[in-house]
Amino acid sequence: MKKKVILIILLVFLVLLFSLGAFYVWGMGAVSKEEELKTFVIEPGTSKSDVVKNLENAGLIRSQYPLLVYLFFSGGNIQAGEYELSTTMKPTDMIQKFIDGDVLIHSMQVTLVEGKRLTDYADVLAENLKFTAEDFLTQANDRSFLEELVSSDEYWFLTNEILNEEIYYPLEGYLYPDTYEFLETASPKEVLLTLLNHTETKLEPYKESILNSEYTFHQILTLASMVEKEANSESDRKTVAQVFWTRLHENWSLGSDVTTYYGAHKEIGVDELTWNELYDSNPYNTRLTDGSMNGKLPIGPICNPSIVSISATLSPSDTNYYYFVANVCTGEVFFQTTSEEFYQKNLELSNTCAAN
């Protein structure tokens, strides 16, 4: 009796094994003998399992499961892009095509550097993708598009504050700096949505702190963009943030050159400011001495900051400085509590840099 049970179990196992083998062989065959060409797009960041599911949904493979098994044991990285596939192709040939990157339309890697402006991003994207910088800026400033973003539940960090008509570029600061991969035919809108989706992911760990802050995220991001431009190290950024917060609470002007340059559409370290630009009454210029910018932030971010600067702004150092000055030769930042110390350090650094 025991031998019979063992024999039955063995037969069932063999039948099951044969059935699975037959199913695998069937599943790894072409879906048709009649050739039909189809365009198949793999978006950047798509997982292998999603690629396989999409192949099945497109009617290009018989079943996703045999191919998933094949991919589990095989190597190679699938490349994003737009491919031309045929219904007479075997799934393994399709996968090899993806690994080889045999595409109709290529994907492009684009690096957007922290601390750069939206206009800089427009130039970099235009160099790599099939639209112009003007196309990108037009989409980024499109009122209907912006209103859709603000009303969407997907982007909790975007509010009506970005719709202020005095802001130069409403999405300035909100496009997280990183290396991205796009299809070269991606539209400005698709690119912007990809960037905003990544921003949402990067902000998620800080969401509770942001929502519980006495300041709006737009204000936090604005200050973070200033911190990004004023200091390089994490510790310096935390202390710079402390100085700015303290000056705001004391109803002082922030007196930051980087905001004045942005307000004048000029780049610090590259362009010179005229006297009129230095004291131009625009909503970005925190160097105004007439009291109109006392206790106020610029109207919006002046660059796209890193998460380090955002974190530093949310958690400034526990210090009590009112001033800081940077050594333009080395990037080192010095902090002071009195105006006398500040002016003395400025003089010292001016002499040092002039000597070098």
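Here are some friendly questions and answers about this predicted model.

Q: Why is K97 called buried?
A: The cut-off for buried is under 20% relative accessible area. K97 has 18% relative accessibility, so K97 counts as buried.

Q: What makes K97 and D102 a salt bridge?
A: A salt bridge needs a side-chain nitrogen of Lys or Arg within 4 Å of a carboxyl oxygen of Asp or Glu. For K97 and D102 the closest N and O atoms are 3.0 Å apart, so the pair meets that rule. By this rule the count comes to 8 salt bridges.

Q: What makes R287 and D257 a salt bridge, and where do the two residues lie?
A: With the closest N and O atoms 2.7 Å apart, R287 and D257 are within the 4 Å limit. R287 is in the loop between α13 and α14, while D257 is in helix α12, so parts that are 30 residues apart in sequence are tied together.

Q: How do you know that V69 can belong to a surface patch?
A: A patch residue must have over 30% relative accessible area. V69 has 41%, and V69 forms a nonpolar patch with Y24, V25, F72 and F73. Together these residues have about 580 Å² of accessible area. Helix α3 gives the most to the patch, with 3 residues.

Q: Why are β3 and β4 said to pair?
A: Two strands pair if there are at least two bridges between them. β3 and β4 have 5 bridges, in the antiparallel sense, so they qualify.

Q: What makes β1 and β4 edge strands?
A: The open sheet has the order β1-β2-β3-β4. β1 and β4 each pair on one side only.

Q: What makes both faces of strand β6 covered?
A: V333 and F335 on one side, and F334 and Q336 on the other, are all buried.

Methods. Residues are numbered from 1 along each chain as its sequence is written. This is a predicted model: local features need pLDDT of at least 70, side-chain atom pairs count only at pLDDT 80 or more; totals for chains, interfaces and linings use all residues. Side-chain values use heavy atoms; hydrogens and water are left out. Helices (H or I, at least four residues) and strands (E, at least two) are DSSP runs, numbered from the N terminus. Patches are made of residues with over 30% relative accessible area and no salt bridge: like charges are joined within 9 Å, nonpolar side chains (Val, Leu, Ile, Met, Phe, Trp, Tyr) within 5 Å. Accessible areas come from the Shrake-Rupley method with a 1.4 Å probe; for residues, only the protein chains shown count as cover. Buried means under 20% relative accessible area, exposed over 50%, partly exposed in between (1.4 Å probe, protein chains only).
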